[in-house]
Each structure stands twice: as C-alpha cells, then as structure tokens.
Amino acid sequence: MGKKIYFQFSLISFLLLFVPISLQISLEEFTTLSRSQKAALDQFRSAVQFKLPHQYMTKDVYLIRWLRDILPYMYKLLKNMTEQNFDVSGATSRILKDVQWREDNDIDHILQEDWSDFDREYRVLIEGCDKTGRPVISIPVGDWDLRRAIVAGQSERLKRYFSKLFEEASTLTRKFQENGQNATQGTIIFDMGNFNLIQQGCLRCIPIFFHILAVYEQHYPYFAHKVISVNTPEFALPIYNMFKGILSKHVTEVLHIFGRNKKKWQQFLLEEIDASQLSKNLGGKNLEALDYADLRGVNISRYICAEMDFLRH
C-alpha cells in the first residue's frame, strides 16, 4: 500500500512538472516582444552569440526560450505567474550551462548513434498536426518496459536515449519552422494504457522519470503547448484532484489528465486535433501513427503538416 501511494504522487508529479507555464501561443506571438524585452534580447544575443556552436541557436525563437524561463518552476506553478521577466544574466548562465552539457554529452552526434534496439522498445509516434499547425506527438508510456532495461544494467544508456528523444523533438520543430509551419511548440499525448507498477512504477524506475524531467527543464524548455494524459490509472486521479486546487489557471490550461473514460478524452482530443491527424486508438481515422524512427532521413522539405499523411502511408 505504501509503495502504491508513493507512486501515485510520483506519477502525478511527473505530469505536473512536465508543464511549461503560460505559453500556449503561436510562433508569431512567441517572438513578439515589448520594447524592453527586445532590448533584453539584443543584450542577451550580444553576450552569448560567439559562444554558441550552431547558427540556429542565435535566432530569436531559440534565444527567447531561455529568456522566458528564469524563475524557479514550482514558484511560478503556485503563484499563477504570467509575467516574463527576461533576466539576461540568468538566461546567459542557463544557456552556457546547456552548451557545456551538450559538449560533455556529445549531444551533437547523439542522433547518429545506433538506437535501433531502444527505438523498438520505447516508441515515440508522430500523429500529425493540431488545428493550428503544431506537431502532435503521442508516447505510449504504458508499453515502455523500463524495468527490463534497468535490470539488464542499461540505466545510463536508457537515460541517454531519452536525451536523444528530446533532441529529435527539438530538431523536428526546428525543421517545421524552417518550412514556415507554426511549430514553436508541440502537443504531447501520454497514452498510459497498459501502465503498471511493475514495468513502469518500480522504485528503480523513478530516477529515470526524474532524469527525463531534468533534461526537459534544463535543456529543452517550453517545448509543450499542451500535455495530455489519457488512460491514466484511476488510482492516480484523486491525487491530481488534490493538486488542482492549488495550481495556476495557466497550468490547468496546459495540463489535461483523463482516466479510462475513452469517450471523454477522445472528445477533448477531437476539439484540438482533427480526426484525420490522429490514429484510431486515439479516436482518429488513421490506422496507425508515424513512428518517429521512420521519419529520419526524410527530406527536410517534407517536414510540413500537409506531408504527414503521405509520410504515414
């Protein structure tokens, strides 16, 4: 019983901490700044542009991510904050730490490594685009057997694999942007069907989840437009209901947790995403989603919403 209660809190905490605050905005809105914010952006660029290893890192849409996310996460979570303070000093420190992390972990070459074994075990799927043109990613967490990798002594490789997934997602949105798509952020759907305490909820699995959170918060801020959990185990829902009373309005707009009531969560998904852009198991029309592993090597010009149907088939 104690282990179950512990994991109830761990599961909901994982979903809560995955939410970037109050940035459900378009690419145009994301890069539209006040005069003082523009001045801060120019100062920030001058401070870091010659220390950044890639040209894309010097662009406004990339730099603004770091300026927008300075205050401690849980402080913003509870204080219902919408104000972006554009702290140049804080952003400079964070982005340079990220550059060092990328160098220490050879992130620039992580996508060239052979991940074929983990790609089969821990799938990430591209559903299509939402009604505003943002990419939609679904993650069948309930099918991930984390315990198997841990027992096999592959914990560190598994952690690196999840860093690879974030790098791929970041690369995907950047390619969409280069093709004129509204891809500052994406929508993430966690499918918790088949979720169980043995394969995903073991005590030795918890550090993996917190590693995922740390990498996301520290190195890939503000990727998610919406975080939607479907088929969430019923035992976790009372814990979320306890949290909801203290969460900011912005968090509850970004994070949506649904239990096993398929009709309820499918109705919500179809309000945001057309059925032609979802697989059948999520209430859509497509037989299956596009496995991100199959998208590698595709010509960059095809990274647009209109091409997703063609690539899927």
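**Group meeting: rings, a helix and a sheet**

Hi everyone, let me start with a charge over a ring: Arg174 lies over the face of Tyr56, 3.7 Å from the ring centre. Please keep in mind throughout that this is a predicted model.

There is another arrangement of that kind to show you. Arg157 sits over the face of Phe118, with 4.8 Å to the ring centre. Phe118 also brings us to the aromatic pairs. How many aromatic pairs does a search of the whole structure find? The search gives 15. One of them is formed by Phe118 and Tyr161, and that pair is edge-to-face, with 5.4 Å from centre to centre and 85° between the planes.

Now for a pair with another geometry. Is the pair of Phe166 and Tyr220 stacked or edge-to-face? The ring centres are 5.7 Å apart and the planes meet at 15°, so Phe166 and Tyr220 are stacked; the cut-off for stacking is under 30 degrees. Phe166 is in helix H9, and Tyr220 is in the loop between H10 and strand E4 (224-230), so this pair ties together parts that lie 54 residues apart in sequence. As for burial, Phe166 has 12% relative accessibility and counts as buried. Tyr220 has 8%, and counts as buried too, because the limit is under 20%.

Before we leave the rings, here is a cluster to pick out on your screens. Ring pairs link Trp115, Phe118, Tyr122, Trp144, Tyr161 and Phe162.

Setting aside neighbours within four places in sequence, Asp145 is in contact with Tyr122 and Gln199. You will find Asp145 in the loop between strand E2 (135-139) and helix H8 (146-151). Is Asp145 buried or exposed? Its relative accessibility is 10%, so Asp145 counts as buried. A polar atom of the Asp145 side chain lies 3.1 Å from the backbone nitrogen of Arg148.

Next, helix H6, which covers residues 88-104. At the start of H6, a side-chain oxygen of Asp87 comes to within 3.1 Å of the backbone nitrogen of Ser89. Just after the helix, Asp106 has a positive phi of about 50°. The buried residues of H6 include Val88, Ile95, Val99 and Trp101, and also Arg94, Asp98 and Arg102. What covers the buried residues of H6? Helices H3 (35-48), H4 (60-68), H9 (155-178) and H10 (206-219) are among the elements that do.

Last stop, the sheet. Six strands make an open sheet in the order E5-E4-E3-E2-E1-E6, with mixed pairing. Strand E5 (255-257) and strand E6 (290-291) are at the edges with a single partner strand each, so one side of each has no neighbour in the sheet. What joins E1 to E6? Strand E1, residues 125-129, runs antiparallel to E6, and two bridges join them. For Leu125, the bridge partner in E6 is Asp291.

Thanks, everyone, and I'm happy to take questions!

Definitions and conventions. Residues are numbered from 1 along each chain as its sequence is written. This is a predicted model: local features need pLDDT of at least 70, side-chain atom pairs count only at pLDDT 80 or more; totals for chains, interfaces and linings use all residues. Side-chain values use heavy atoms; hydrogens and water are left out. Buried means under 20% relative accessible area, exposed over 50%, partly exposed in between (1.4 Å probe, protein chains only). Helices (H or I, at least four residues) and strands (E, at least two) are DSSP runs, numbered from the N terminus. Contact means heavy atoms within 4.5 Å. A polar contact is a pair of N or O atoms within 3.5 Å; within protein, one must be able to donate a hydrogen and the other to accept it, and residues adjacent in sequence count only if both atoms are side-chain atoms. Rings of Phe, Tyr and Trp (its six-membered ring) pair if their centres lie within 6.5 Å; planes under 30 degrees apart count as stacked, over 60 as edge-to-face and the rest as tilted. A charge sits over a ring if NZ of Lys or CZ of Arg is within 6 Å of the ring centre and within 35 degrees of the ring normal. Two strands pair if DSSP finds at least two bridges between them.
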